[in-house]
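Welcome, and please have a look at the model below. We will go through its chain contacts, its helix packing and a few local details of the backbone.

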Amino acid sequence: MISAADSGPDDGQWIMPARNYASTRYSSLSQITVQNVQQLQLAWTFSTGVTRGHEAAPLVVGSTMYVVTPFPNLLYALDLTQPGAPLKWTYKPDPSLASQGVACCDLVNRGASYYDGKIYYNTLDAHTVAVDAKTGKEVWKTKVGEITRGETVTMAPLVVKGKVLVGNSGGEFGVRGWLTALDAKTGKLAWRAYHTGPDKDVLIDSRFKPFYSQDQGKDLGVTTWPGDAWKIGGGGSWGWISYDPELNLIYYGTSNPGPWNPDVRPGDNKWTAGIFARDPANGEAVWAYQWSPHDLFDHDGINEQILLDLPIKGQTRKVLIRPERNGYIYVLDRTSGEVLSADPYGYITTSRGVDLQTGRLIEIAEKTPVTGKVVRGICPAAPGMKDWQPSSYSPRTGWLYIPHQNLCQDVETGEANYIEGTPYVAATVKMYAGPGGNRGVVTAWDPVARKAAWQVKEKFPVWSGTVVTAGDVVFYGTMEGWFKALDARSGKPLWQFKTGSGIIGQPVVYRGPDGKEYVAVLSGVGGWAGAVVAGGLDVRDSSAALGFVNAMKDLPQVTTKGGMLYVFALP
Amino acid sequence: MPVLFAHALVQQSYSTLNPASPQARLVDRLGDSMFITAAVVFGLVVLALLWAVFRRRDSDEGPAEDARREWPLRTSALVATAVTTAILFVFLILDVSVGRSITTNPGKGALQIRVTGHQWWWEVQYRDSLPKNWVTTANEIHIPVGRPVVFELKSTDVIHSFWPISLSPKKDQIPGDENSLWFQADSAGVYRGQCAEFCGHQHAKMAFLVIADPPAEFASWLARQRDTALTPTDALARRGKEVFLASPCVMCHAISGTPAGSRIGPDLTHLASRRTLAAGTLPNTRDNLIGWIVNPQVIKPGVRMPPNQFSGPDLLALVAYLETLK
Amino acid sequence: MCSRFRDSVILSAVLALSLAACQREERNFQGLPSGSAVANPKVREVELVPGGNVPADSRPGPYEENAYAVSQGKTLYNQYNCSGCHFQGGGGIGPPLMDADWIYGSRPANIYETIAEGRPNGMPSFGRKIVPDQIWQITAYVRSMSGLLRKDVAPGRTDDMQVRPQEQSAQKAKPVQSAIPKSAEIP
């Protein structure tokens with residue numbers, strides 16, 4: 001049951017990565033169905049010319065498609081009215097080469113948003129740009145962060161009521177996390193909310209009413225850290241933002257605290273690994289909740305949250321659903337921040353559940369990393385049960401379609417030396433497949449019944465997003481390069497196509513100028529999971545790429561680098 | 001200041017024969033009683049030996065005489081053995097009981113301090129239930145008089161041993177492990193400690209100070225240590241802060257309140273509040289600080305801090321800044 | 001042979017061996033010994049020299065045979081956060097250091113330059129923050145990661161969680177100039 005937060009009737013466009021402010025990634029186009037999807041064929045392709053990890057969602061506004069590439073963050077505009085969708089123009093932001101040295105997890109970019117005639121997106125070197133959607137001319141470019149401090153930006157901005165919302169990356173570099181709002185017309189700073197430090201910086205004031213007592217108090221962003229560790233405490237917001245126009249609240253999560261070694265930062269480390277509800281006009285915090293207080297495992301809290309109205313215990317509640325990194329699918333009351341349920345969606349050894357009275361994650365002490373000791377069998381691993389890759393929701397089935405992974409890890413934490421501009425992690429990690437041996441999963445989750453409806457196992461982590469249509473078809477891509485279609489109700493595989501490189505992008509569905517339904521996805525392996533290929537890493541070091549290489553030693557044998565847009569349609 | 005420091009040096013007590021805590025006193029008393037007993041026994045043994053050597057011997061004593069002497073001699077030998085065993089048994093009990101009482105956890109209310117051994121300096125951390133109040137310093141440990149203090153002992157590289165000489169017996173710091181010892185200072189004073197396990201080139205110059213303050217003074221010292229370093233008002237010191245941040249210093253040293261946060265070397269946030277440099281090697285004076293920064297290898301060869309090159313004005317500015325870090 | 005002659009032969013052999021081992025454990029606390037490699041080497045990065053006839057720069061680094069310096073280099077490599085980008089040689093944010101591919105040259109002077117001056121695609125410049133002697137130590141350690149140092153000089157097994165075979169056992173990976181520097185990939 002979808003809520004009024006869904007942005008109205010489907011016009012066949014795709015103007016923001018999550019499709020709408022409720023973040024459903026659901027297309028109500030139904031030309032492609034379970035019966036005819038076997039006939040889906042390649043309509044046209046486009047090579048981006050870049051060969052790092054392609055995580056973006058292509059946008060379709062009117063009859064133009066917009067594609068953002070990984071570093072150097074080119075923006076291509078393609079004319080959908082012409083056969084083969086020729087290039088209209090290219091915008092080159094020329095981000096600083098040095099920013100490649102402070103990007104933790106490949107040089108990805110999660111895409112752009114369209115608003116009021118302009119395309120808005122971020123560049124790796126912490127700038128936000130507004131480009132005229134017709135002409136490709138730069139309207140404004142604003143510097144939002146400092147790469148010499150380890151800040152980069154990889155997220156797709158969201159534009160809400162004339163404000164461009166941007167969050168920083170850099171939890172592995174000891175940055176101070178924030179969410180910034182820029183004026184969509186001028187690019188000038190409207191407000192900035194930090195995620196650590198005193199209340200006045202976090203924009204916590206009289207309106208702030210957190211639901212749980214552990215989140216109540218003055219200047220918790222200072223007192224839950226030793227000394228002034230909050231200044232280098234992480235908590236960026238490099239993931240997904242949702243918006244409820246009725247309640248007039250934005251919802252988004254914060255990243256891991258820094259460093260990964262928790263011994264060095266005793267205390268709950270607010271407001272990292274949590275979620276905020278804020279007023280988009282001025283950034284004032286209305287409520288907040290921490291998924292993982294004093295996070296022990298790099299369980300960033302930045303995943304997507306889908307806004308729905310759900311029947312819970314006989315009442316219809318305004319909720320947000322978050323398949324969280326720490327292994328639980330949370331259902332929160334989005335008016336107050338109350339945790340209504342938290343159910344595991346995979347194998348967990350690090351916690352026993354969430355105490356619904358206190359709201360606190362119940363950790364298992366034996367799995368707590370201790371400096372200088374090796375702790376084994378930590379599940380889910382640092383990328384969590386699910387990382388940034390976004391799920392979709394179908395109002396027809398009422399289920400979430402969650403692309404995720406099944407990974408465990410061993411970790412040894414060590415001495416943490418904060419040297420500005422260098423990584424601040426202090427952990428050696430070795431990841432491997434979880435029980436069952438399959439490193440990837442696509443789960444269809446029933447949020448009312450609070451259990452999985454079906455699951456499809458994949459050899460590699462499913463690092464791409466999913467999209468679901470009114471034709472009851474779910475699309476996603478695998479890291480080997482297969483673009484697949486499943487039956488949304490049964491999970492039965494219906495169709496697949498082998499693209500040139502692993503897929504980690506977000507598929508989109510749109511109506512072309514000719515009235516046909518098209519499915520588009522970027523192929524080009526990379527991201528944290530694909531760094532072994534995108535970065536040409538050496539598999540003999542199990543700790544490379546923060547430990548992910550150990551779990552992906554076979555990836556270079558099944559895919560090479562690439563950078564291609566694939567668009568499919570029925571014949 | 002130099003006069004005060006010289007006085008402090010003179011006041012430094014570092015002898016096991018000068019116990020300054022109940023724990024050290026117990027051990028000292030045990031040692032004294034063992035010494036006295038052993039001295040007495042030694043005296044008796046010497047007397048017995050002398051008697052055996054110089055006793056009058058009649059040349060016409062026959063086997064009957066020898067037989068007559070045999071029983072008292074045998075008895076004395078048996079008695080001596082029995083008494084020795086008894087004495088050793090008494091010592092065993094005393095030993096175990098002293099060992100027990102100095103290791104039994106003093107319970108809640110004790111101050112917890114973590115001391116981590118590095119080659120060749122001591123990282124000292126005061127933990128608190130409120131994380132904001134944690135303090136990290138180096139080489140100088142302040143404790144309140146009359147309150148038990150529990151030390152958690154760790155090491156990051158090789159085996160060191162924490163030995164606050166007049167206050168407590170030593171305990172090893174073993175990498176990968178955690179040990180603890182506790183004691184309570186009887187009276188205010190400056191006590192010198194030493195690393196007691198050979199740990200490399202500069203093991204001999206790895207000393208520390210334990211300064212026992214009256215409780216009120218200790219509380220105010222701890223409160224000052226919790227402060228972050230403020231930007232100095234003096235122009236030369238401000239320039240010195242810039243020199244610090246632009247130099248190799250930030251690769252190893254942390255100063256709270258600045259972007260420098262590396263923990264390879266000692267925390268410098270309150271450097272100027274400490275009485276010695278280089279783990280008790282030098283008094284903390286301006287000249288010594290300059291000499292240390294320019295070439296620590298001359299003072300403590302093998303230490304992990306390299307020689308540094310600064311221009312004259314930069315060096316003076318840097319030292320002016322470091323002197324503001326009280 | 002007579003026992004005294006045999007004894008002096010043995011003694012000389014022991015002395016000779018221990019002198020040979022001296023270099024391996026030599027500690028230069030004041031920095032580089034005088035007369036050794038210059039602190040800021042100017043090194044050629046390419047083969048092409050117009051007019052030709054200029055031999056390649058193959059000055060050995062000062063610590064190629066010094067096990068103590070290499071082990072100090074390994075400690076610094078982890079403490080200065082080199083491992084944060086390059087991990088234990090497998091790479092991540094930065095390229096792998098344990099393989100045969102060298103984008104900017106594998107000679108000690110090349111590696112020194114890379115660390116001191118930085119490189120355009122994200123390698124920071126450490127020259128103003130790490131003293132030359134320590135950069136040479138790190139350089140020597142980096143070379144050990146792909147087996148370019150002698151077995152008795154390269155570090156042995158670490159006490160930490162094992163994530164790679166010890167540098168001592170690394171097969172010597174003959175350095176090759178990496179095909180395309182990353183900057184050339186940008187369209």
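This is a predicted model: local features need pLDDT of at least 70, side-chain atom pairs count only at pLDDT 80 or more; totals for chains, interfaces and linings use all residues.

## Chain C with chain B

Residues are numbered from 1 along each chain as its sequence is written, and chains are lettered from A and ligands numbered from 1 in the order in which they are written.

Chain C brings 14 residues to this contact and chain B brings 18 residues, where contact means heavy atoms within 4.5 Å. The size of an interface is often given as the accessible area lost when the parts come together. For chain C and chain B the buried area is about 1,300 Å², with 57% of it on carbon and sulfur atoms; buried area is the accessible area (1.4 Å probe) that two parts lose on being put together, summed over both. On the chain C side, Phe29(C), Gln30(C) and Lys129(C) lose the most area to chain B, together 47% of what that side buries.

## Chain A with chain C

How many residues of chain A are in contact with chain C? There are 42 residues of chain A, and they touch 31 residues of chain C. About 2,700 Å² is buried between chain A and chain C, and carbon and sulfur atoms give 57% of that area. In chain A, the residues that lose the most area to chain C are Pro423(A), Arg540(A) and Asp541(A), together 18% of what that side buries. The salt-bridge count between chain A and chain C is zero.

## Helix packing in chain B

Helix α6 (residues 286-294) and helix α8 (residues 312-323) of chain B pack at an angle of about 120 degrees, and their axes are 10 Å apart. Helices (H or I, at least four residues) and strands (E, at least two) are DSSP runs, numbered from the N terminus. Axes are lines fitted to C-alpha atoms, for helices over the stretch in contact, and angles run from 0 to 180 degrees between N-to-C directions. α6(B) and α8(B) are therefore oblique to each other; angles under 35 degrees count as roughly parallel, over 145 as roughly antiparallel, 65 to 115 as roughly perpendicular and the rest as oblique.

On the α6(B) side, Arg286(B), Leu289(B), Ile290(B), Ile293(B) and Val294(B) take part, and they meet residues of α8(B) including Leu315(B), Val319(B) and Glu323(B). By class, this contact of α6(B) with α8(B) has nine nonpolar, no polar and two charged residues. Here Ala, Val, Leu, Ile, Met, Phe, Trp, Tyr, Cys and Pro count as nonpolar, Asp, Glu, Lys and Arg as charged, and the others, Gly among them, as polar.

## Helix packing in chain C

Helix α5 (residues 132-144) of chain C meets helix α4 (residues 108-117) of chain C, with axes that come within 9 Å and cross at roughly 120 degrees. That makes α4(C) oblique to α5(C). Their contact has eleven nonpolar, one polar and one charged residues.

The axes of helix α2 (residues 67-79) of chain C and α5(C) come within 7 Å and cross at roughly 95 degrees, so α2(C) is roughly perpendicular to α5(C). Among the residues in this contact are Gly73(C) and Tyr77(C) of α2(C) and Ile138(C) and Tyr141(C) of α5(C). The classes in the contact of α2(C) with α5(C) are seven nonpolar, five polar and one charged.

## A salt bridge and some backbone details

Over all chains, the structure holds 48 salt bridges. One of them joins the side chains of Asp309(A) and Arg334(A) (3.5 Å, N to O). Asp309(A) lies in strand β19 (residues 306-312) of chain A and Arg334(A) in the loop between β21 (328-333) and β22 (339-344) of chain A, so the pair ties together parts that are 25 residues apart in sequence.

Most residues other than glycine have a negative phi, and most peptide bonds are trans. Phe71(A) and Pro72(A) are joined by a cis peptide bond, with omega about 15 degrees, and Pro72(A) is in the loop between β4 (64-68) and β5 (75-79) of chain A. Another cis peptide bond joins Gly258(A) and Pro259(A), with omega about -5 degrees. Ser23(A) is not a glycine, yet has a positive phi of about 70 degrees.

Technical notes:
Side-chain values use heavy atoms; hydrogens and water are left out. A salt bridge is a side-chain nitrogen of Lys or Arg within 4 Å of a carboxyl oxygen of Asp or Glu.
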